[in-house]
Amino acid sequence: MTRLLSILTIVIAIIVIWYAGAARMNAQWEYDQAERADKTVTFMEILPNTMAQERPILPAPHQVAEELWKTTVEKKVTSKRSLLYHTWITFNATFLGFIFGAGLGILLAVGIVHNRAMDMSVMPWVIASQTIPVLALAPMMIVVLNALNMEGVVAKAMISTYLSFFAVVVGMVKGLRSPDAMQLDLMRTYNASGWQAFWRLRLPSSLPFLFPSLKIAAAASLIGAVVAEMTLSQDGGLGARLLNGSYYGQTMMIWAALIGASVLAGVLVAAVGLTGQITLKRMGFTR
Amino acid sequence: MTGTFGIAAIFAVWGIGWFINTRIAKARGKGLGLIAAIIFGLTLLLMWELAVIALEVSRVLLPPPSAIAARFATSTDILWADFLQTFKGVVMGYMLGCGAAFLTAIAIDRSDFLKAGLLPIGNLVAALPIVGIAPIMVMWYGFDWHSKAAVVIVMCFFPMLVNTVEGLQAADKMQKDLMRTYAASYWQSLLKLRLPAAGPFIFNGLKICSTLALIGAIVAEFFGTPIVGMGFRISTEVGRMNVDMVWAEITVAAIAGSAFYGLVALIERRATFWHPSQR
């Protein structure tokens with residue numbers, strides 16, 4: 001209860017700061033307008049106006065909410081001006097990238113755990129691959145993948161894959177190595193083959209490590225998709241909305257797209273988390 | 001004919017590299033891990049080179065590593081200027097963002113109420129695609145490095161905050177009790193016990209932020225820069241089909257990113273030498 005209350009306090013504080021910021025940043029424009037009309041105005045007089053500008057520097061929360069309502073509920077889902085339409089496009093790329101990334105990550109982790117040569121040679125490069133700002137690669141990768149006649153969604157998913165596989169590799173390697181020597185010895189006394197030990201011991205005991213990694217991977221995958229869409233903007237998507245908003249000075253559009261992306265991130269992470277909870281519960285990890 | 005021959009050569013290179021590495025993996029000794037990693041990297045580069053030649057891949061799509069190296073060598077002055085421009089934003093944003101988060105963490109650490117509220121929100125924000133604020137920041141703070149620093153500040157703030165707050169709780173109850181029996185003041189126990197105990201967490205946050213900072217600055221440059229900067233160069237040279245220049249820029253980014261991360265890791269090793277993970 002206190003937890004909820006304190007979260008609420010912080011959220012309210014953020015909204016208050018947001019309103020104050022909107023008033024401050026948008027006031028300049030109102031002053032300029034008044035000066036042009038040869039009027040002097042006080043701050044209190046222009047305060048209501050700062051909340052209702054057409055193209056504010058920082059739109060007030062209720063303006064963003066209004067824009068969200070307009071672009072989600074009042075527009076048809078199939079319309080190109082609907083935020084849901086663009087969110088769906090982004091979701092497709094994100095989901096595909098997430099599946100690729102999780103699959104690649106798990107395969108690499110299995111290889112790394114079972115093969116010492118692979119552990120020594122591949123693992124350092126997996127880590128190094130993440131210090132390369134892959135988002136910088138995005139524009140070029142998309143050009144290349146387009147030239148190879150790949151569908152736009154696959155090209156975007158590639159970027160997502162690159163961003164998301166790392167978390168899965170690290171978590172999964174940790175998880176596959178988590179059974180202790182005693183448990184591995186027990187498998188040996190059962191005369192279990194390597195495969196049997198893998199399927200019956202290593203894989204199940206890696207799941208508590210896998211799911212938190214998958215959460216990170218889902219969030220990373222979304223970031224990849226959004227940035228990829230900034231380059232491949234003709235297909236639409238939340239990233240394209242961000243880009244268009246910044247070209248045409250439509251700040252409300254940018255903020256609405258940002259909120260859309262945030263909600264999508266929240267839903268994805270929550271969905272992975274829930275799947276994890278249910279799976280782990282049915283496997284008897286939590287009690 | 002060259003195609004089949006080339007593909008055979010690729011497999012041969014792979015086989016040789018793999019053979020050496022399995023040998024190394026069987027031997028045990030210091031520094032062998034590094035050698036294995038280097039051999040693996042060289043194998044990949046060689047295979048890339050051979051594949052481009054054998055399959056006659058257009059240079060516009062994927063230049064061979066040798067072409068990238070040549071381009072790198074001939075245009076070091078441009079690369080250096082771009083690097084400086086981008087790193088101004090990265091370093092300023094990184095220091096301000098991490099510093100602000102650190103101070104905020106210490107400030108809210110005294111209030112359980114704020115901590116309980118801020119942690120879930122911080123965790124949520126850490127999962128959001130914050131790079132999306134890049135166009136807004138460019139709109140607010142103009143094209144120069146200030147807007148890039150602003151993006152970096154926001155990107156670094158929450159991961160650092162969450163890690164520091166968690167770190168400040170890392171000291172044992174026993175240890176805190178000991179400080180109390182010494183009649184240590186709040187500041188004494190903070191400086192002598194809790195901050196050192198938080199070290200591994202703080203450095204974890206710093207390491208995460210070091211990669212985020214570079215990403216943030218480069219992406220922010222896609223939305224507008226003066227005519228210099230790594231993100232600017234990448235997006236314009238892609239448009240001009242100078243893909244080797246883009247790869248040279250990416251090499252710079254990779255080196256800079258690894259060096260930045262390595263520097264933080266090195267400081268971590270010095271500062272938290274007592275922690276089990278460093279031994």
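**A leucine at the surface**

Author: We are looking at a predicted model, and a careful place to begin is Leu34(B), which has a relative accessibility of 60% and therefore counts as exposed.

Reader: In which helix does Leu34(B) have its place, and which residues form a nonpolar patch with Leu34(B)?

Author: Leu34(B) has its place in chain B, in the helix that covers residues 32-54, namely α2. On the surface, Leu34(B) belongs to a nonpolar patch whose members have about 390 Å² of accessible area together. The residues that form this patch with Leu34(B) are Ile38(B), Leu42(B) and Leu45(B).

Reader: Which residues touch the most other members in the largest nonpolar core?

Author: In soluble globular proteins, nonpolar side chains tend to be buried together. In this model, the largest nonpolar core holds 120 residues. Those that touch the most other members of this core are Val169(A), Leu214(A), Tyr94(B), Leu161(B) and Leu206(B).

Reader: With which residues is Leu161(B) in contact, if its neighbours within four places in sequence are left aside?

Author: Leu161(B) is one of the residues that touch the most other members of the largest core. Once its neighbours within four places in sequence are left aside, the contacts of Leu161(B) are Ala101(B), Thr104(B), Ala105(B) and Leu118(B).

Reader: Against which helices do the buried residues of α6(B) pack?

Author: Helix α6 of chain B runs over residues 134-141, and its buried residues are Ala134(B), Pro135(B), Ile136(B), Met137(B) and Val138(B). Just after this helix, Gly142(B) takes a positive phi of about 85 degrees. The buried residues of α6(B) pack against helices from both chains, which are α7 (145-168) and α9 (186-221) of chain B, and α10 (238-247) and α11 (251-282) of chain A.

Reader: How many helices and strands are there in chain A?

Author: Read along the sequence, the pattern of chain A is α-α-α-α-α-α-α-α-α-α-α. The count for chain A is therefore 11 helices and zero strands.

Reader: Is chain A more spread out or less spread out than a compact globule, and what is its radius of gyration?

Author: Along its principal axes, the C-alpha trace of chain A spans about 90 × 55 × 35 Å. For 287 residues the globule rule gives 19 Å, and the radius of gyration of chain A is well over that value, so chain A is more spread out than a compact globule, with a radius of gyration of 25 Å.

Definitions and conventions
Residues are numbered from 1 along each chain as its sequence is written. Chains are lettered from A and ligands numbered from 1 in the order in which they are written. This is a predicted model: local features need pLDDT of at least 70, side-chain atom pairs count only at pLDDT 80 or more; totals for chains, interfaces and linings use all residues. Side-chain values use heavy atoms; hydrogens and water are left out. A nonpolar core is a set of buried Ala, Val, Leu, Ile, Met, Phe, Trp, Tyr and Cys residues joined through side-chain atoms within 4.5 Å. Buried means under 20% relative accessible area, exposed over 50%, partly exposed in between (1.4 Å probe, protein chains only). Contact means heavy atoms within 4.5 Å. Patches are made of residues with over 30% relative accessible area and no salt bridge: like charges are joined within 9 Å, nonpolar side chains (Val, Leu, Ile, Met, Phe, Trp, Tyr) within 5 Å. Accessible areas come from the Shrake-Rupley method with a 1.4 Å probe; for residues, only the protein chains shown count as cover. A salt bridge is a side-chain nitrogen of Lys or Arg within 4 Å of a carboxyl oxygen of Asp or Glu. Helices (H or I, at least four residues) and strands (E, at least two) are DSSP runs, numbered from the N terminus. The radius of gyration is taken over C-alpha atoms; the globule rule is 2.2 Å times the number of residues to the power 0.38.
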